Amino acid sequence: MDSRDFRSRVQSVSELTSSIRGLLETEMPFVSVSGEISNLRNPGSGHFYFTLKDQLAQIRAVMFKPQQKYLRATPDNGQEVLCRGRISVYEPRGEYQIIVDLIEPLGAGRLQIAFDEMKQRLAAEGLFDDFHKRPLPFLPEHISLVTSTEGAAIHDFLKSLNSRHPGLTVDIFPVRVQGESAAGEISSAIQEINRLNRTKVIVLCRGGGSIEDLWAFNEEIVARAIFNSSIPIISAVGHETDFTIADFTADYRAATPTAAAEAVVPPKEQLEKRVSLALDSLVRIFARYLEQMQFQVDSHKKLLGDPSLMLENHALKLANAGNNLYFTLQTKLVDSGNSVRDLAELLMEQNPIRILTLNTMKLSEINKRLKFAVKIVLDRKYQEFRRSGATLDAVSPLAVLGRGYSITRKMDDGKVVKNSNQLKAGDEIETILKKGKIRSRVSETDPREKPISD
């Protein structure tokens, strides 16, 4: 087709995309490309979708299921490969891609090699040893969450946490979880939480991604911050199949953010059930104890026969024992009930609405005090400013000139004349008044001092 045809007629998007596809498939029918596999996906269709990249560029690639029978091994993220195939265009999105017919492995990718080397080195130092792992606290009333506020991971964690046990205090430390500065922000957040020392457990949270996306959690600075933390840390980075250095160093590894919330706290209903079961068990124990006492009384009655006085005496002892058992049981039940109420009150004290209301009142009071203090400072500064202005006006040379005085300077060197001896006849002088200047020539001088008069 003549190139002038493209300029002379208007094409639809689909026509233009189809033309581009035809040009690519015609001009580049078969290519061989080396690069690193990233973002590998294998959906239900059975096809492989991935990105082939190097340090400067990347291109999408697809290997359809029928071609996979020629694979010597299943490809993986971070693997360096040689792909042979055809360049084409996926018209619905207007994206060019490689339709791969053959994949030949060239070795592990750059990031994968770096990951394996760091993992071996830190493992040799003992950072992954179970000996250093700390147990997670039971029902922590204060949780610190280190994550990005823009991803879905934070919402998954908080939703799961609130569904299991609402009302817990969660401090969110927002950080970048991807990019050059992410590792530094994550390690600084861990150190800050340890410095504050008001939380019971730290959760590192991030959604899934490629090895590049998760690389911040493979940095040594993050691993050492986790290892040096005095507070237990849960690593919930990526999906279930994603593993990072942070996962190996943390005290507990959760497959997903939702799983992290499940590891932090048990369901509220489960705790209530445990309390109820404990109360039922306590009642059964005392009931069995009462039955045993009754059995002993009956046994003694049989041994003693039927003397009236002894029978009445034992009946009285039995009544007293029964009363003691009753009161003991009542006391235990009351204590158990008080414990349940104390737990309920503790849960209510952690209500975020109540805490927010108290903090709002404190903030309002601080705001009033701040406004009052600012007003006092501004008034004081204004008075000082007025006094300084009056002082400056009093000593200003212009004020002196305004009272009828003047300043005389020699024209040749600009020096101010303070004594008639500085002048001689014929010298040119300049007199500065409040308004304007006068230039004149000296005809004669008189060294005698004369009083100033109006």
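A salt bridge is defined here as a side-chain nitrogen of Lys or Arg within 4 Å of a carboxyl oxygen of Asp or Glu. The model is predicted: local features require pLDDT of at least 70, side-chain atom pairs count only at pLDDT 80 or more, and totals for chains, interfaces and linings use all residues. Residues are numbered from 1 along each chain as its sequence is written, and side-chain values use heavy atoms, with hydrogens and water left out.

Glu-220 belongs to helix α6 and Arg-121 to helix α3 (residues 110-125), so the bridge ties together parts 99 residues apart in sequence. Helices (H or I, at least four residues) and strands (E, at least two) are DSSP runs, numbered from the N terminus. Glu-220 is partly exposed at 24% relative accessible area. Arg-121 is also partly exposed, at 37%. The cut-offs are under 20% relative accessible area for buried and over 50% for exposed, with partly exposed in between (1.4 Å probe, protein chains only). Salt bridges link Arg-121, Glu-125, Glu-220 and Arg-224 in a network.

A salt bridge also forms between Asp-251 and Arg-134, at 2.8 Å from N to O. Asp-251 sits in the loop between α7 (245-249) and β10 (252-253), and Arg-134 in the loop between α3 and β6 (142-147). These positions are 117 residues apart. Asp-251 is buried, with 10% relative accessibility. Arg-134 is partly exposed at 23%. In the bridge between Lys-424 and Asp-427, the closest N and O atoms are 3.3 Å apart. Here Lys-424 is exposed, at 54%, while Asp-427 is buried, at 13%.

Nonpolar cores were examined next. Such a core is a set of buried Ala, Val, Leu, Ile, Met, Phe, Trp, Tyr and Cys residues joined through side-chain atoms within 4.5 Å. In soluble globular proteins, nonpolar side chains tend to be buried together. The largest nonpolar core holds 23 residues, of which Val-146, Ile-186, Leu-204, Phe-217 and Ile-226 touch the most other members. Two or more residues come from each of α5 (182-196), β8 (201-206), α6 (220-228) and β9 (233-237). Helix α5 gives the most, with six residues. Beyond four places in sequence, the contacts of Leu-204 (heavy atoms within 4.5 Å) include Val-146, Ile-186, Ile-190, Phe-217 and Ile-226. Ile-233, Ile-234, Ser-235, Ala-236 and Val-237 are also among them. Another core, of 17 residues, lies apart from the largest one; Leu-161, Cys-205, Ile-234 and Ala-260 are among its members.

Strands are taken to pair if DSSP finds at least two bridges between them. β11 pairs with β12 (residues 428-432) over four bridges. Arg-409 has Glu-430 of β12 as its bridge partner.

Overall, the protein chain contains 12 helices and 13 strands. Its C-alpha atoms fill a box of roughly 155 × 100 × 55 Å along the principal axes. Buried residues make up 30% of the 454 residues. Among contacts between residues at least 6 apart in sequence, 63% join residues at least 24 apart.
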